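Walk me through this fold, from its overall contacts down to single residues. Please keep it short and define the terms as they come up.

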Amino acid sequence: MKSWSVLMCSILLMGTLAACGNKTEDAQTATTDKPAQTETKTETPAAEEPAAEEPAAEEPAAGDLQDGMYFAQGDMDEESGWQPYVILQVEGGKIADATWSATSINAGPDKKTYSEEGKYGMKAGGASSEWHEQAEKVEQYLIDNQDPAKITTDAEGHTDVVSGVSVHVNDFTKLAEEALAAGPVEAGPYKDGAYHAEAADFDAESGWKETADVTVVAGKIAAVNFSGVNKDGDDKKAYSKDGKYGMKEKGGAQAEWHEEAQKAEQYVIEKQDPAAVETKEDGTTDAISGVTIHVASYLQLAEQALKDAK
């Protein structure tokens, strides 16, 4: 009996161990075969960030620029005698009109008008078109593209981006950028154009018939030329530049006539009104430093010329 009991205990113990072994194996199998929860879980994707839109082509939208007139003027080119300027008109935030031209050292018609009248003569020099025709192409390119920086130039100021243009355009691009950066300006009180007045006759004492030319740009006096002509057809300012007038040599003056005349011209440009220059009874003035010549008659001629500009 005792042996039988021992035998039965052994059998029961082995069964118990077998059962435990099966449970352990099942647990291990379950852990190995069952996909991890993170692998089987259907994850809800995070809300996708809206894809960044590709920036549209650079094109100024309406409202980018303040409406109005923009103006910039460059330095006088001593070699050519032209002083370039640019006028831009902005409407609805965009450049609607562009003008590129220059004033002459002798005042009178601006460069574009001068070219239109056939006096600039680029075609006569072998060019395919006149200066004003090429300028108009550059102006239109700016209106179409709305950015002067898109008119790229080489070291000499030429461009390949505007078809049919062989002239230097760096003055235009530079001044257009300056005008836009400065913001809109108020137009002056005068009508744009070239205005001329001259004395009724030759002066009995000096032999000169005095002349005054005034150029108005953007409503303002942009260029003035005081000169004269004698019966031989000589231009007084050129006559002085050639050393024939002889104020320094003959009269002991500190400067030649044309040099003093240029100071008077610049003063009128600064004042924007010839009548604003005070003169004395003898026709001279103390208002302009370094000017001893008689200027009253020239100022009166300038006023006369500008009557048509009001």
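Among the contacts with a separation of 6 or more in the chain, 52% join residues 24 or more positions apart. A contact means heavy atoms within 4.5 Å. This is a predicted model, in which local features need pLDDT of at least 70 and side-chain atom pairs count only at pLDDT 80 or more, while totals for chains, interfaces and linings use all residues. Residues are numbered from 1 along each chain as its sequence is written, and side-chain values use heavy atoms, with hydrogens and water left out.

The chain contains 9 helices and 6 strands. Both are DSSP runs numbered from the N terminus: helices are H or I with at least four residues, strands are E with at least two. The chain has 310 residues, and 36% of them count as buried. Buried means under 20% relative accessible area, exposed means over 50%, and partly exposed lies in between (1.4 Å probe, protein chains only). The accessible surface of the chain is about 19,000 Å², and carbon and sulfur atoms hold 48% of that. Such areas come from the Shrake-Rupley method with a 1.4 Å probe; for residues, only the protein chains shown count as cover.

Now look inside. The largest nonpolar core has 28 residues. A nonpolar core is a set of buried Ala, Val, Leu, Ile, Met, Phe, Trp, Tyr and Cys residues joined through side-chain atoms within 4.5 Å. I221, F226, V268, I293 and L306 have the most contacts inside this core. Strand 4 (193-198), strand 5 (209-217), strand 6 (220-229), helix 8 and helix 9 (296-306) each give two or more residues to it. Take I221: leaving aside residues up to four places away in sequence, its partners include V214, V268 and L306. A second, separate core has 24 residues, including A135, L142, V167 and A176.

Helix 5 comes next. Its 13 residues (170-182) should span 18 Å at 1.5 Å a residue, and the end C-alpha atoms are 18 Å apart, which agrees. The expected span is 1.5 Å times one less than the number of residues. F172, T173, L175, A176, A179 and L180 are buried in helix 5. The buried residues of this helix pack against strand 1 (68-73), strand 2 (82-91), strand 3 (94-104) and helix 4 (131-145). G183 follows helix 5, with a positive phi near 90°.

Two residues other than glycine also deserve a look. Q146 has a positive phi, near 65°. Q146 sits in the loop between helix 4 and helix 5 and counts as buried, at 11% relative accessibility. Q272 is not a glycine either, and its phi is positive at about 65°. Q272 lies in the loop between helix 8 and helix 9 and is partly exposed, at 23% relative accessible area.

Finally, the rings. There are 11 aromatic pairs in the structure. Rings of Phe, Tyr and Trp (its six-membered ring) pair if their centres lie within 6.5 Å; planes under 30 degrees apart are stacked, over 60 edge-to-face, and the rest tilted. Y245 and W257 are a tilted pair, because their ring centres are 6.2 Å apart and their planes stand at 55°. Y245 lies in the loop between helix 6 (236-241) and helix 7 (247-251) and W257 in helix 8 (residues 257-271), so the pair ties together parts 12 residues apart in sequence. Y245 is partly exposed at 24%, whereas W257 is buried at 3%. Elsewhere, ring pairs join W82, W100, Y114, Y120, W131 and F172 into a cluster.
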